Amino acid sequence: MGGFEALRTLEPIVLGGRARLDDPGFFAHMDPPASIESVAASLWQVGTNQNLLHPDLAPSARLLQKIVINWLAEFFGCDGGHFVSGSSVANLTAIWAAREVKNVKKVVASKKAHNSVKKAADILGLEFVKIEELSSGLDLSDACLVLTAGTTGSGEIEKLGERRGSAWVHCDAAWGGGMRFSKKHGWKLDGVENCDSVVFSCHKWFFQPKGCGVVLFKDSKTAETKISYGAGYLATPTIGVAGTQPANVIPLCATLLAWGQEGVAERIDRGIENATYLARLVAGEGGKFELWGGKGGKGEEGVVLWRRRGVGMEEGGGGRNAAERLKRLMEEEGAFVSVSGGGGDGWWFRSVAANDFVDIDYLWRAVLRSSV
Ligand SMILES: *Cc1c(COP(=O)(O)O)cnc(C)c1O
């Protein structure tokens, strides 16, 4: 077929069938459109195919990794860490370090924790203890306590900062980590600096191409030494789970240089403004819609949970079906949300502030057209 024909054949499939993350009506998932600087710099990464595994394979990118990681780490009270493919692997890495450094026997997390936390416990052969609320009086002296800064479901930030006697405290800031770079909203993660490890996904609220997560440690030397493996063919040991690791630091560094901390913060602040504005619109339609009554979900952490009153609460599988049906109607009008729930009070629409190009008025008009 040849290269030209291959691309021509694929074009309508790949581009025609894509999720339009940058559409003005897209406010649906934690996936952002990648920053234009990161798209351009990604061509350098794939074109030169650098590998963070070994100094010979990415001499300058390894140096960049050090600089960028150190810059990120400071915001979370950490002193180093490394890039991974995302927060699932980052959670596994951090909990692995907790097991090696502190000999923890169990992982304790609230029921709102991401499923990758239980996955990590299972892989590592640790007991997983799911608790209702973090106030329960468990003995945590042999535990890795996992606190979430921005739950996947509603964006709730769990109370950070208290160790509660645990051997290791880990903060999963996969979604919420970006807020730490905002002068206006960074305080919401206060206490994170008391955690032993922190993860966040730069491909979520940091506008990066996929496959870019970081795991950070308060004492990275101790933690990373315990999870490093040497080999005869390697000049330096491999740190953590991955072997080959793409130099996603190149697109990330390009974005950070172009925007600066202020530029990142501006986009995070705008995301929260968009989300809280949407929450006000939801609440302001004379009772036709309802906002989630639990923690988070009102836009302050970039996530809005809402529904057309009554739709999603039908018995059995009916709730989900009804929510999915209305979601499709909204999509036809140009409004994209995700469906979330099953938590006991039915199904909700979830809107997430990852798309800086969203136009909330445009989106809301589409919602109203589909909900007459
Ligand atoms: C998305 C998410 C994860 C998993 O991150 P990936 O980058 O998708 O692997 C972990 N924890 C939370 C709270 C998340 O929202």
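For these legends, Ala, Val, Leu, Ile, Met, Phe, Trp, Tyr, Cys and Pro count as nonpolar, Asp, Glu, Lys and Arg as charged, and the others, Gly among them, as polar. Keep in mind that what you're looking at is a predicted model.

**View 1. Who sits around the ligand.** Here's the shell: 15 residues surround the ligand. Sorted by class, 11 of the shell residues are polar, two are nonpolar and two are charged. If you want to find the closest ones, look for Ser88, Asp172, Ser201, His203 and Lys204. Among the secondary-structure elements, helix α4, spanning residues 87-102, gives the most to this shell, with three residues.

**View 2. Polar atoms up against the ligand.** Zoom in on the ligand's oxygen atoms. Histidine 203 puts a polar side-chain atom 2.7 Å from a ligand oxygen. For serine 88, a side-chain N or O atom is 2.8 Å from an oxygen of the ligand. Serine 87 uses its backbone instead: an N or O atom there lies 2.9 Å from a ligand oxygen. On its own, the ligand has 380 Å² of accessible area, and the protein covers 87% of that.

**View 3. The seven-stranded sheet.** Reading across this open sheet, the strands come in the order β1-β7-β6-β5-β4-β2-β3, and the pairing is mixed. At the edges you'll find β1 (80-84) and β3 (127-131), each of which pairs on one side only. From one strand to the next, the twist averages 20 degrees.

**View 4. Helices on the seven-stranded sheet.** Helix α4 packs on this sheet and touches β1, β2 (106-110), β4 (143-148), β5 (168-172), β6 and β7. Its direction makes about 175 degrees with that of β5. Then there's helix α5 (residues 115-124), lying across β2, β3, β4 and β5. Helix α5 runs at about 155 degrees to β3.

**View 5. The four-stranded sheet.** Now for another open sheet, with strands in the order β10-β11-β13-β12 and antiparallel pairing. Its edge strands are β10 (289-291) and β12 (338-341), and each pairs on one side only. Here the twist averages 40 degrees from one strand to the next. Strands β11 (residues 303-308) and β13 (residues 347-352) pair in the antiparallel sense over four bridges. To get your bearings, spot tryptophan 306, which stands opposite phenylalanine 349 in β13.

**View 6. Helices on the four-stranded sheet.** Helix α7, covering residues 249-283, packs on the sheet and touches β10, β11 and β13. Compare its direction with that of β11 and you get about 20 degrees. Helix α8 (residues 318-333) lies across β11, β12 and β13. Relative to β13, helix α8 runs at about 40 degrees.

Conventions. Residues are numbered from 1 along each chain as its sequence is written. This is a predicted model: local features need pLDDT of at least 70, side-chain atom pairs count only at pLDDT 80 or more; totals for chains, interfaces and linings use all residues. Side-chain values use heavy atoms; hydrogens and water are left out. A residue is near a molecule or strand if one of its heavy atoms lies within 4 Å of it. A polar contact is a pair of N or O atoms within 3.5 Å; within protein, one must be able to donate a hydrogen and the other to accept it, and residues adjacent in sequence count only if both atoms are side-chain atoms. Accessible areas come from the Shrake-Rupley method with a 1.4 Å probe; for residues, only the protein chains shown count as cover. Helices (H or I, at least four residues) and strands (E, at least two) are DSSP runs, numbered from the N terminus. Two strands pair if DSSP finds at least two bridges between them. Axes are lines fitted to C-alpha atoms, for helices over the stretch in contact, and angles run from 0 to 180 degrees between N-to-C directions. Contact means heavy atoms within 4.5 Å.
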